[in-house]
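The following exercises concern a protein assembly and are to be worked through with the sequence and the model at hand.

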4 protein chains.
Amino acid sequence: MYSQLAEEKVFKDPVHKYIHVQDQTIWNLINTREFQRLRRIRQLGTSYLTFHGAEHSRFSHSLGVYEITRRIISQFERSGYADWPQEEGLVALCAALLHDLGHGPFSHSIEEAFHMNHEDWTCRIIREPSEINAVLRRISDDFPEQVASVIQKTYDKPIVVNLVSSALDADRMDYLLRDAYFTGVNYGTFDMDRILRVLRPYKGRIVVKESGMHAVEDYLMSRYQMYWQVYFHPVTRSSEIILRQIFKRAHELYDRGFEFRFMLEPLPSLFEGTISMEQYIRLDEAFVQAVFMQWTQEKDEILSDLCDRFMERKLYKYIMLDHLDEVQQDYIRQQFVHAGLHPEYDLVIDSPTDLSYSIYRSGDNPMDKQIILLDQHEKLKEISEVSEIVRSISGIRKGKYHLYFPDNKLKAAQHLLDPQISRLFDMDPS
Amino acid sequence: MYSQLAEEKVFKDPVHKYIHVQDQTIWNLINTREFQRLRRIRQLGTSYLTFHGAEHSRFSHSLGVYEITRRIISQFERSGYADWPQEEGLVALCAALLHDLGHGPFSHSIEEAFHMNHEDWTCRIIREPSEINAVLRRISDDFPEQVASVIQKTYDKPIVVNLVSSALDADRMDYLLRDAYFTGVNYGTFDMDRILRVLRPYKGRIVVKESGMHAVEDYLMSRYQMYWQVYFHPVTRSSEIILRQIFKRAHELYDRGFEFRFMLEPLPSLFEGTISMEQYIRLDEAFVQAVFMQWTQEKDEILSDLCDRFMERKLYKYIMLDHLDEVQQDYIRQQFVHAGLHPEYDLVIDSPTDLSYSIYRSGDNPMDKQIILLDQHEKLKEISEVSEIVRSISGIRKGKYHLYFPDNKLKAAQHLLDPQISRLFDMDPS
Amino acid sequence: MYSQLAEEKVFKDPVHKYIHVQDQTIWNLINTREFQRLRRIRQLGTSYLTFHGAEHSRFSHSLGVYEITRRIISQFERSGYADWPQEEGLVALCAALLHDLGHGPFSHSIEEAFHMNHEDWTCRIIREPSEINAVLRRISDDFPEQVASVIQKTYDKPIVVNLVSSALDADRMDYLLRDAYFTGVNYGTFDMDRILRVLRPYKGRIVVKESGMHAVEDYLMSRYQMYWQVYFHPVTRSSEIILRQIFKRAHELYDRGFEFRFMLEPLPSLFEGTISMEQYIRLDEAFVQAVFMQWTQEKDEILSDLCDRFMERKLYKYIMLDHLDEVQQDYIRQQFVHAGLHPEYDLVIDSPTDLSYSIYRSGDNPMDKQIILLDQHEKLKEISEVSEIVRSISGIRKGKYHLYFPDNKLKAAQHLLDPQISRLFDMDPS
Amino acid sequence: MYSQLAEEKVFKDPVHKYIHVQDQTIWNLINTREFQRLRRIRQLGTSYLTFHGAEHSRFSHSLGVYEITRRIISQFERSGYADWPQEEGLVALCAALLHDLGHGPFSHSIEEAFHMNHEDWTCRIIREPSEINAVLRRISDDFPEQVASVIQKTYDKPIVVNLVSSALDADRMDYLLRDAYFTGVNYGTFDMDRILRVLRPYKGRIVVKESGMHAVEDYLMSRYQMYWQVYFHPVTRSSEIILRQIFKRAHELYDRGFEFRFMLEPLPSLFEGTISMEQYIRLDEAFVQAVFMQWTQEKDEILSDLCDRFMERKLYKYIMLDHLDEVQQDYIRQQFVHAGLHPEYDLVIDSPTDLSYSIYRSGDNPMDKQIILLDQHEKLKEISEVSEIVRSISGIRKGKYHLYFPDNKLKAAQHLLDPQISRLFDMDPS
């Protein structure tokens, strides 16, 4: 049962000025405990250790994605585009608002360490008994399922999926602008108002009027810059590595039956892979940080050292190499062992394959990955056919290797290393 | 032993663009565990529950205060002002950087609940054995004491105290700009560059050239607006009240010997007033939030309900009254008891005396509270002598009463209340 | 005959991002020669001589006023307010767009010099045969008259007049934001989006919901600051004085039959007070500047010197006095004559009565001058009843005297002056 | 004789906040009539007809270039770089301030029409008797020559030339930021503060530390976008074409002995190629606009129509073609003649060769055109060796043809045209 709020509610937002809520359903979703939990999950994980302003939460990003989607739909309705199915507005707004619901604390690292997937959790929270589920069911019994299927891209109206998830969607537009705002870099800015004005529903998908091509180019360049300047910043990678090492070490210790001085549910369930939805919802970054603080006192030196490093930002240093083949990697690891260093905990190599992604690339599912222009004669063209700038950045792939290591330990052991390796790691000759 | 960094370090900052570190001492201070801890203390406490962008930390504010101080000193030196004692630069920068070091988690509420004072903690961390203390002592044995005395306003060069703490100091300038930026309101903006250009050291204090009067007026208006729009926002007050109630309830329960399902050091020490510096440094907002999450499961209903409210942002509602005398207060409380409500936990009255402060007012210590203009003929005038706008806002004192209460409980009990009281609290007649 | 454009037209605008034109009539009005002429009239007259960015035209301001009015109306319609007469939209938009149509070059000075009034010219251009008139008549025969009467505040629907012209109207909001943007001062910023959201049509006038009071306070403070920082800047006053002196001198010379080396219509008609509308429309600032450049070569020294001063920005210096009575004025003028200076051209006294205005003041026509708040109980209150800050700035009246004079001439004559007068004008003793 | 101002002077600037003047010489240069004249020359010529905010003058741009240069030099001095010759500061600042001094009204069009070159005029004003020359000579007799040779790139310290004029110079940085600000597009923004921090004097030229590569990429992308979005905007091209046609027609008429109703020096001298420096300095855009206004009344229909079009912004329409060979061009022109249209005045073809330029390209003089990075090991690399993004945009060359024509005339004559040509020009079949 759908209903409009008697009076519009607004949130003050630094990026979009105001976020406007007009539907009772959206308002109720925001006030659930599952959605409020997103206040305690940072949008950019450990990036705050590189950019001290980047403490913004997934709560604010989710509101932002909702707001952009609302503006797009409102522009479609004002323009009277026949290709937009008006009755799909609410499901699109709900999917936009909830698309990141299942993110755990320090999402990327925890997912890697425990083989989880935030999208699965998002859909579980929507489908299984939860406050979110209860709010959605008030619309209709199958409404939760509809919202989940939009998020999983299996919804039977592809245009709705396209709106929420594509190469030029509300999600990407919000995070580029928001992350640029909170980190303080000025690479992420592009003319969103202009892009919103040139989006059009057309034959079952969202396209861009050709007159907006330059604004889209600018958006893609922002994305390119944000990836290299912010998302892949080596200091951020270094802190993610520490985090992953902590999860890994604790898991190992737990499996071995190590007696932790501090251990609290749902950690055991997490280690054993039996964590329930109820438990998952109580997981947040405050909990993880509080646990790490306790673990700085554990007897296992590797664990307590890593936790110290994370809490006090004593990250691993790194060197950058243009090339590094298997033989060289093996020799370096061998030298580390020789010097009494741990070949896994004291050295992490970030190879480009770990960062595989494409700023803009045509992929398997063309609807997802491509930006389609609509010219004056209603002809469709993929943007890289028309834009040389897009064509040229599409293929760029950076190929550096980053080697992360604990500076102090390496220094202490440097007399045991091959001097060539020592120099490679910028150690002064002793 | 003072030394300059081989290469200047910078932090990207959304408010000041870049924060520049040139001294080894400053760099070392930033990298201590005590200073890094400020990353886990929010600048605006619970304001993020009102303004979702306001997740910024005291770490970023402290860097900002340092940076503004650095710019002021650098302008003094460039201008060759004889009244500025150049050798005091480092002590001023250290005091600026460290002035908020002792803040605890959700500072205002925790200080009130446990009768602590963050400035005392700041000075303890500086004076007693700590990483901070060790860095400062490398300059000279009495350098920690000097820095602490600047913060305590007892330093023997009043101009240094004046620079770090006055009615127009780096602290206030940074927090107005920073809090405006992260909340997204645009009330806090004023022309800081202009103000920096018109500050002058003059006969042992910092004064403002009269040509900068309008910029100072604008700064004071920003302060006025930020207080009413952000710092005293009733929703923020409501969340602070919940927080204070939690601390109070837990303390009561602890004193009574209640058996907590979850209890962890340093909470017992905190309750008993025996918390050590080492323990205090490990206290942060992650810890407090993690504890509250655990306490949502405690058997004491008042405590678990309050913790639920805080974690899920189910805050108290409020009504606003222009007048409220003692007799009326007593009658309301009496009615609450009559309806089975708790007279303390279910009703909090925020009277204007709790908010006593002055946007701009001459006080006991004129050096602290006054802004002094220097005219072309080197005559000094207190700004409110010259500026009608300052004069007129100086005296403004708002006198509203806010009554905070749990909406749902009151609704459930409303049939037991005097209908007049019921109407007062916006309850519909049943 | 009203019609909508097939496709919305947009103008890129630095202040409002985009200006949206949806009506054929608005589009046609913009393309008339009378409206295009506004490109050649600066919004801030001679202020560009003080703030070099302030070259923006009345064309851009007029578009801005139109755009804000459009947004207000669109918000009224979206909110479904019954008190807004929807059929009045077009007349309101036309009046907003055209309200400054009659401004001449360097408007304030030329009006003073030739006793003209820009509002009269605006209404003549609307009513008499012109391209503007032709476009408006296509709507209906009396439509030009309707638009003119809104501008003259005699239209029979006061709410429309109120929208276009009041203490918180689209005109003032645009010029504060625009003038702040182009001068580069940051005093003029306020939260326009917020103000637009709290405006409401209510019983025949526009009121402000009480929740928006602080945003309105901020707007009034911006106005206060802009007046003192920008509009009344003494350097700008100095350049306006030169301009007025040029017009006055040329008029005098013309009346005396002086033989100008350069004289071109419509100057003679302007001097004789017989200028026709056709001629008036061809008057612009390019013409005035080009004439002044020619006049730098005239034989009359007063005229050529004043023109040189204007073109090369060799303005009069000024001194500021707190008090200056008639006797003192007479003595100064007498001394000027004594020293061989011209008592009118070489000394201009700007007394506070010339600047009489009120930042915010209840006046004769309460609809014009007052900002009315609507509280939750639908009660109306004038803002200064509620806001202490408005109350306190309402009465502020600055009372300084500025004396403008040609520095070089005074220096040359200073040995002939009473030393006390010499000191008053900051002349060093010779 | 060099001297510092007793008190720094500042200009409020929207782009750089404040422009700081510390040297007496710079202050005096700004106050010359030749420099003040730049207030009456727009930075972007006719672009204000496309972007109504773009009324900013070359005066403001010149101050901006000076200010950036000042900041670069000041950063060099603070950093104590041995490769920067400190004694060259003043000549660099003067060259930066004066580099655009010789621009005439609507520079590009007037230069094309009368085969003039603004750089030659700049150097004449500096070298020949003028207020500028007098100020510079006060430093030393050969100082004017030094400044002129920096502008002409023949100065014997290439590093000074490099600072003022290169692929990443103060000139380009200022105009991108300034033009973006005043047009209101947000393509021109890049992180100038960052770029200033990574510039370094190194072995006789200015290089960029490799760590700043991404900021430079962003700057180059801004340039790319500004060229296509603003500088080459077809509406701006259309207005430039009208302007060029006016100059051309007037010249033709003058040569033929046509009797102008309005003709004023220095137009005859301009037509005859005998314009003196004194006359040139009196030429400005106010003069040109005033003349065009008079010429709307000339008897020659081509001239009066073109002037009308320019003053009332009734520009030529345009169509865009991907390909257009000589044969096609000839056929179109032939058809125009056949239909009674003027083959030159009624059709202008803008071919890509007219726009020949390179966003970034290595050219004849590598110092001018290349951006050189300095890596950690003090190795120099041209940026496109390292940056794939620069490499990819370097080669982009757009190849469209724009055909400009008077819409109304073509419509009137369309029945005389080959229907295929008629369709090509978007004429509806009659």
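This is a predicted model: local features need pLDDT of at least 70, side-chain atom pairs count only at pLDDT 80 or more; totals for chains, interfaces and linings use all residues.

Residues are numbered from 1 along each chain as its sequence is written, chains are lettered from A and ligands numbered from 1 in the order in which they are written, and side-chain values use heavy atoms, with hydrogens and water left out.

**Exercise 1. Confidence**

State what pLDDT chain A averages, and locate a stretch where the pLDDT is below 50.

Solution. Contact here means heavy atoms within 4.5 Å. Finally, the scores of the model are ipTM 0.94 and pTM 0.91.

**Exercise 2. Overall form of chain A**

Determine why the radius of gyration of chain A agrees with that of a compact globule.

Solution. The radius of gyration is taken over C-alpha atoms, and the globule rule is 2.2 Å times the number of residues to the power 0.38. For 430 residues a compact globule would have a value near 22 Å, and chain A, with 24 Å, therefore agrees. The C-alpha trace spans about 75 × 50 × 35 Å along its principal axes.

**Exercise 3. The hairpin**

Identify how E1(A) and E2(A) run and which residue is the bridge partner of Val10(A).

Solution. Strands are DSSP runs of E, at least two residues long, numbered from the N terminus. Strand E1 (residues 4–13) and strand E2 (residues 17–23) of chain A run antiparallel and are joined by 6 bridges. Between E1(A) and E2(A) lie 3 residues, and the two form a hairpin. Within E2(A), His20(A) is the bridge partner of Val10(A).

**Exercise 4. The contact between chains A and B**

Find how many residues the contact takes from each chain, and which residues in chain B lose the most area.

Solution. The contact takes 43 residues from chain A and 43 residues from chain B. About 3700 Å² is buried between these chains, and carbon and sulfur atoms give 54% of this area. Buried area is the accessible area (1.4 Å probe) that two parts lose on being put together, summed over both. In chain B, Arg39(B), His52(B) and Arg282(B) lose the most area to chain A, together 21% of what that side buries.

Notes: Two strands pair if DSSP finds at least two bridges between them. Helices (H or I, at least four residues) and strands (E, at least two) are DSSP runs, numbered from the N terminus. pLDDT is the predictor's confidence in each residue, from 0 to 100.
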